[in-house]
Amino acid sequence: YSKDNCIWDDKTQQAFNIRLKSNNKTGKTGVTQRKNGKFYASITVYKEVIFRGVFLTFEKAKEAREKAELQYYGFVKE
């Protein structure tokens, strides 16, 4: 690697740039479905997990996660 051809991001940004974990069944980072059928939304910023809420639908949980992405990262990961 060379400084000329690399982008140097902080640890939060680097963690954000990874692919989905194999156990993620929702298809959206930070949104999980529990056994009770409810969806939980969270975001991790500088090693701190910030809980965004419990939702009855995936769409609402995804919306909460995307609002958090805008707030903390400045963009939404597609």
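Okay, let's start with Glu63, which is partly exposed at a relative accessible area of 37%. Partly exposed here sits between buried, under 20% relative accessible area, and exposed, over 50%, using a 1.4 Å probe and protein chains only.

Before going on, a word on where this comes from: this is a predicted model, where local features need pLDDT of at least 70, side-chain atom pairs count only at pLDDT 80 or more, and totals for chains, interfaces and linings use all residues. Residues are numbered from 1 along each chain as its sequence is written, and side-chain values use heavy atoms, leaving out hydrogens and water.

So, who does Glu63 pair with? Its salt-bridge partner is Lys67, at 3.5 Å from N to O. By salt bridge I mean a side-chain nitrogen of Lys or Arg within 4 Å of a carboxyl oxygen of Asp or Glu. Glu63 and Lys67 are 4 residues apart in helix 2, so about one helical turn separates them. Lys67 is exposed, at 51%. Helices, by the way, are DSSP runs of H or I with at least four residues, strands are E runs of at least two, and both are numbered from the N terminus.

Now look at Glu66. Glu66 has a salt bridge with Lys62, at 3.9 Å, and those two are also 4 residues apart in helix 2. Glu66 forms another with Lys28, at 3.7 Å. That pair links distant parts of the chain, 38 residues apart: Lys28 is in the loop between helix 1 (11-16) and strand 1 (31-33), and Glu66 is in helix 2 (residues 58-73). Lys28 is buried, at 6%, while Glu66 is partly exposed, at 22%.

How many salt bridges are there by this rule? The count is 5. Lys28, Lys62, Arg65, Glu66 and Glu69 are linked in a network of them.
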